[in-house]
Amino acid sequence: MAIRRAEALASRLPPLLVAAERVAATVAQGVHGRRRVGQGDSFWQFRRFVAGDPVNRVDWRQSAKSSQPAPTGWFVRETEWEAAQTVCLWRDTSASMHWRRGGPVEKQERADLLALALAALLLRGGERILPMIAGAKPVAGRFGLERFAADLGAWQDPAGLPPDLPLPRHATAVLIGDFLSPLPEIQTVIGRLAATPVRGYLLQVLDPAEAALPFQGRIRFRGLENDGEALIPRVESIRDDYAGALRAQQAGLAAICAAAGFGFGVHLTDGSPEAALLTLYAALGAV
Amino acid sequence: MIFAAPWVLAALAGLPVLWWLLRVTPPAPRTETFPALRLLLGLRATEETPARTPWWLLALRLTAAALVIVALARPILDAGTALPGDGPVLLVIDNGWASAPGWQKRIQAAAGVLDRAERAGRKAALLATAPDEAGMAPTISAPMPVPDLRARLAALRPEPWPDDRAGAAAALRSWHQPGTSTVYLGDALADSAFPAFADALAATGSLTSICCDATPIRALLPPASEADRLVARVAQVPVSTETQVAVLAQAGDGRTLARATIAVPAGAAIASTAIALPSELRNTLTRLVLDGPASAGSVVLLDERWRRRPVGLMAGDQTSADAPFAGELYYLSRALGPYGEVRTGDVSALLGRDLAVMVLADRPLPAGPEREALTKWVEKGGLLIRFAGPRMAEAEAADGLLPVKLLGGDRQLGGALSWSEPAGLAQFAPDSPFAGLTVPAEVRVSRQVLAEPGAGLPARTWAALTDGTPLVTQVSLGAGRIVLFHVTANADWSNLPLSGLFLDMLRRLTALSAGVASKGDATVLAPAETLDGYGVLTAPPRAATGLAANAFATTPVSPAHPPGLYGPESNRQALNLGAAVGALAPAPSVSGAKVEPLAEARGQTPLGPPLVTLAVLLLLADLLVSLALRGLVRGRVTGSAALVLLLFAMPAQALETVANPALATRLGYIVTGDERVDGIAKAGLIGLSDFVNRRTSATLAMPDAIQPGVTDMSFYPLLYWPIVADAPPLTPAQTAALNDYMSRGGIILIDTRDSGSGAGFAPGTENAFRRIAQGLSIPALTPVTTAHVLSRAFYLLTDFPGRFTGDPVWVQRDQDRANDSVSPVIIGGNDWAAAWAVDNAGQNPYAVIPGGQRQRVMAYRFGLNVVMYALTGNYKGDQVHVPAILQRLGQ
């Protein structure tokens with residue numbers, strides 16, 4: 001079900017092309033056109049035969065059409081060089097994600113949808129997906145999405161931050177979560193990733209109620225991850241202060257991401273997931 | 001306002017404690033989960049939600065508590081002053097007919113008095129001054145606790161007869177209780193015994209008089225009946241200003257036919273007004289009613305005396321008098337019959353009963369007993385109308401009972417040997433009773449008898465010809481009147497009896513006659529319906545006894561003779577309260593009495609219940625406010641009750657449903673009582689109607705369930721009748737309805753549902769049908785062949801299958817030309833309805849036997865043929881001859 005929704009969402013965007021900075025060392029060969037001659041399946045161009053070319057690469061049909069004597073009339077068929085990028089996906093499954101007040105769905109559900117949609121897009125573009133779970137293997141192809149969805153279903157990580165895993169160098173990481181943890185913890189994780197080196201994108205998914213604090217009156221707030229409680233006598237009076245604190249958190253996140261070469265975005269669950277996916281699309285293209 | 005339990009008010013002192021208790025309890029916070037709690041932890045609210053209860057909520061709760069305390073102290077409004085004395089309270093109430101208009105107020109005032117007595121802990125006694133239904137003189141009840149007396153007070157009703165003040169005075173004189181406080185609720189109507197009654201009243205103890213109603217007491221007197229109108233009279237206690245009162249003339253079904261306003265001048269005791277009504281409307285009047293508060297005195301019942309105008313008819317030749325178009329009484333009886341009672345007979349028989357009008361058509365009155373009897377009758381007030389004729393023209397001129405002296409013989413206008421032409425009628429003179437009637441130009445008089453000219457002739461003429469000769473003359477004789485038409489009562493001498501004018505003239509004349517007063521004899525008439533205290537006709541009370549017919553004018557109303565209708569249905573006589581009332585006089589005030597106005601007297605109003613209600617409402621508001629403060633009630637109602645319209649997927653209803661069976665053609669099935677069979681019949685007819693609508697231009701609406709004898713079957717061309725084995729026999733009404741239906745061209749398709757391939761599916765239905773059909777007029781039958789119209793009414797059919805097939809179908813053997821050669825019954829057992837039936841999904845739920853789509857199609861085609869047969873009759877009968885015609889053409 002979630003896969004179908006994600007695929008439907010992804011089908012509205014053209015296949016996503018992840019630009020890789022480093023080509024030779026890190027990118028495995030795949031079905032990803034590099035706009036130049038190389039190994040691949042797609043036709044790229046015909047070229048006149050040059051002495052030294054293996055005879056078995058001559059395209060005899062094209063050569064016959066040229067009606068010129070051999071070997072000047074011979075043509076060699078060249079294919080496009082195709083390569084694949086590895087994208088590491090992580091999404092937050094901690095208790096704080098299972099919450100909904102102002103939005104239509106829980107944050108967790110939206111994060112799942114975005115992760116799956118992104119995976120569907122990337123897989124269609126020929127990229128490989130690596131779930132950031134211990135022992136996970138990269139997946140590719142159409143059936144890779146099924147496997148990724150199965151992984152996603154079984155993926156329960158109470159920690160609110162990505163685990164410390166050995167990632168392929170120069171891979172791209174996409175992190176989806178609410179990122180309400182203290183900034184130093186996040187700094188540690190992002191710094192570790194940046195040192196691998198891995199570039200990527202960090203998407204903060206928030207409920208509208210978390211952004212606006214629409215409560216009134218005397219309220220006792222309880223956290224979802226055993227982080228205590230707070231009795232606010234008059235919630236509407238601290239709304240502006242809360243907005244400031246949230247802005248500070250997001251500014252901190254943006255600073256951390258910028259320093260590590262990561263992109264950063266915020267998505268509210270009452271916004272459309274297509275918009276978020278577009279943001280990710282644009283951001284991954286830029287990284 | 002007083003408090004019945006003032007010590008409860010001491011609890012108000014506890015309110016400050018309550019205030020303190022309420023103040024120290026802050027509202028409990030609401031709990032919410034929040035993921036971004038860490039961001040909140042460092043924040044501090046700049047302003048506090050008040051931890052204490054807000055002052056207005058506190059005030060709300062304290063008010064509610066104070067209201068409960070005050071309510072428990074039982075505050076009472078309008079308690080009135082305490083009654084003097086310390087003995088029992090004696091309540092004297094006039095409950096004669098005059099007390100009915102303000103009765104509710106009186107009872108309220110009495111209840112107020114009892115409230116006062118109850119608060120003072122005094123006993124009370126009751127004296128109603130009118131005799132009760134059994135005719136017992138008024139008595140004072142023993143002093144009893146107030147709650148017991150309340151029940152007696154509630155049972156008290158105004159009676160339709162006058163107070164018995166003398167009896168009440170006697171009862172009062174026997175009352176000896178020291179310290180009595182007497183309260184008198186009078187009806188302010190004086191009678192001869194009132195002074196003695198007032199004295200006795202004053203002697204009982206300290207007296208309070210609660211008096212009187214604002215509207216004066218009125219009674220409707222029996223109306224005077226005049227020739228063309230009824231004069232209604234009303235008696236009233238004289239007042240110092242002019243008052244107006246409306247009188248309604250009502251028919252037996254309660255319709256008000258006329259309304260007249262009587263202006264009663266200042267100081268007058270009796271006033272009257274005329275109610276003009278056409279005589280036929282006047283004859284339907286049963287009562288006159290005073291508009292306003294009802295009482296027995298505001299109703300006058302009208303009996304036969306006010307409306308009966310029986311007309312006696314006599315002709316010169318009684319044997320041929322009724323011959324159609326020629327008889328002398330033919331036109332008269334037809335003209336008078338619809339508007340009154342018309343009698344014929346000889347003079348002794350006619351005059352032996354009450355008679356308002358006597359009509360003699362060409363009947364000379366030679367001296368003798370007949371003439372004497374008629375003369376006597378006219379002098380007593382009868383109206384004699386005579387018509388001229390050949391016999392009268394030849395008779396001795398002076399027979400006495402004629403308005404004018406007649407010349408011998410008759411005058412002929414027009415004719416073979418005459419130059420003159422038949423004369424028309426002149427316009428009626430303004431003083432003639434016929435004034436205003438239009439004279440049709442075509443009325444012509446060709447022969448007439450002539451009056452001897454004289455000075456008095458013009459004054460006696462009510463109608464004349466264009467040449468001035470009198471046509472209708474009249475004279476008064478004693479209290480009565482004689483009217484002569486100078487022409488015959490049939491069309492021999494003029495065509496007047498053929499015109500509508502004749503009718504109008506006779507009705508005017510009849511209206512002129514006095515109503516017939518009942519002949520006073522000593523026959524005792526039993527009370528049939530009597531008026532109660534509010535002027536409503538009810539069953540007579542037990543003590544009511546019969547009254548001699550000649551005593552009605554003189555008998556006063558009493559428990560033994562309550563006002564109302566007496567006698568058998570055919571001869572009702574009314575005894576009216578107004579007949580014996582005469583002028584009404586106001587009662588003087590009782591000396592030494594303290595007077596309280598009746599208008600201000602009312603029962604006490606306890607304020608406790610409304611206060612408690614208010615307190616509960618406040619507490620409910622407090623509950624809502626508390627919930628809102630705790631955040632349990634959102635100010636914004638997010639999920640207001642959404643009305644979910646469950647659109648049931650209605651089965652595609654191809655057939656139109658029209659409530660009125662006359663508006664659309666439709667089939668019907670006779671209800672058997674077996675739910676399953678009825679369901680199949682209905683579904684089958686729906687399927688067949690759909691099929692017919694698709695295939696032909698006939699438009700059939702939803703089929704109906706028919707219950708013979710209950711449903712009007714005349715709208716249904718075809719009835720389907722499935723027979724069930726346990727069908728009950730038809731009632732005579734059902735049999736008659738079905739026979740009537742068949743005899744008038746209806747067709748019944750009778751289905752025993754067990755023949756041919758389906759034998760044994762419905763055992764016993766054939767026997768059931770034989771049992772049922774015994775009363776039905778089913779003709780001799782024959783199997784349907786391919787030559788029968790039924791087999792070619794639309795499709796050409798060779799067999800007629802339904803769900804089953806195989807056995808023949810039976811129709812009437814002999815062609816009945818009267819019924820268009822259409823058989824009234826079609827009898828078979830192929831269970832056609834099951835073959836036709838469609839369910840909601842449009843499928844055929846019942847498999848045909850032996851089976852195959854062709855059998856289904858043939859079943860529908862047979863049904864269509866039957867419908868066509870029912871709708872078009874033998875229209876396709878000609879096709880029977882087509883093979884022969886084709887053969888002939890071929891040759």
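User: What should I know about the model and its numbering before we start?

Analyst: This is a predicted model, in which local features need pLDDT of at least 70 and side-chain atom pairs count only at pLDDT 80 or more, while totals for chains, interfaces and linings use all residues. Residues are numbered from 1 along each chain as its sequence is written, and chains are lettered from A and ligands numbered from 1 in the order in which they are written.

User: Why is I747(B) called buried?

Analyst: A residue is buried if 20 or more other C-beta atoms, placed from the backbone, lie within 10 Å of its own, exposed if 12 or fewer, and partly exposed in between. I747(B) counts as buried because it has 24 C-beta neighbours inside 10 Å. By the same definition, 41% of the 891 residues of chain B count as buried.

User: Which residues is I747(B) in contact with, leaving aside its neighbours within four places in sequence?

Analyst: Two residues are in contact if their C-beta atoms, placed from the backbone, lie within 7 Å. I747(B), which lies in strand 35 (residues 747–751) of chain B, is in contact with P717(B), L718(B), V822(B), P824(B), I826(B) and A870(B) once those neighbours are left aside. The C-alpha atoms of I747(B) and Y716(B) are separated by 8.8 Å, although these residues are 31 apart along the chain.

User: How do you know that the length of helix 14 of chain B agrees with its 13 residues?

Analyst: Helices (H or I, at least four residues) and strands (E, at least two) are DSSP runs, numbered from the N terminus, and the expected span of a helix is 1.5 Å times one less than its number of residues. The 13 residues of helix 14 of chain B should therefore span 18 Å, and its end C-alpha atoms are 19 Å apart, which agrees. Among the buried residues of helix 14 of chain B are M505(B), L506(B) and R508(B).

User: What makes strand 16 and strand 21 of chain B the edge strands of their sheet?

Analyst: Two strands pair if DSSP finds at least two bridges between them. The open sheet of seven strands in chain B has the order 16-15-17-18-23-22-21, with mixed pairing, and strand 16 (342–344) and strand 21 (461–464) are its edge strands because each pairs on one side only. Within this sheet, strand 17 (residues 357–361) and strand 18 (residues 383–387) of chain B run parallel and are joined by five bridges, with F387(B) as the bridge partner of A361(B).

User: What lies across strand 17 and strand 18 of chain B, and at what angles?

Analyst: Axes are lines fitted to C-alpha atoms, for helices over the stretch in contact, and angles run from 0 to 180 degrees between N-to-C directions. Helix 11 (residues 369–379) of chain B lies across both strands, as well as strand 22 and strand 23, and runs at about 120° to strand 23 of chain B. Helix 14 (residues 500–512) of chain B also lies across strand 17 and strand 18, running at about 155° to strand 18 of chain B.

User: How do you know that strand 8 of chain A pairs with strand 2 of chain B?

Analyst: Four bridges join strand 8 of chain A to strand 2 (residues 30–33) of chain B, and since pairing asks for at least two, the two strands, which run parallel, do pair. One of the bridge partners is E32(B), which stands with F221(A). Between the two chains, 28 residues of chain A are in contact with 21 residues of chain B.
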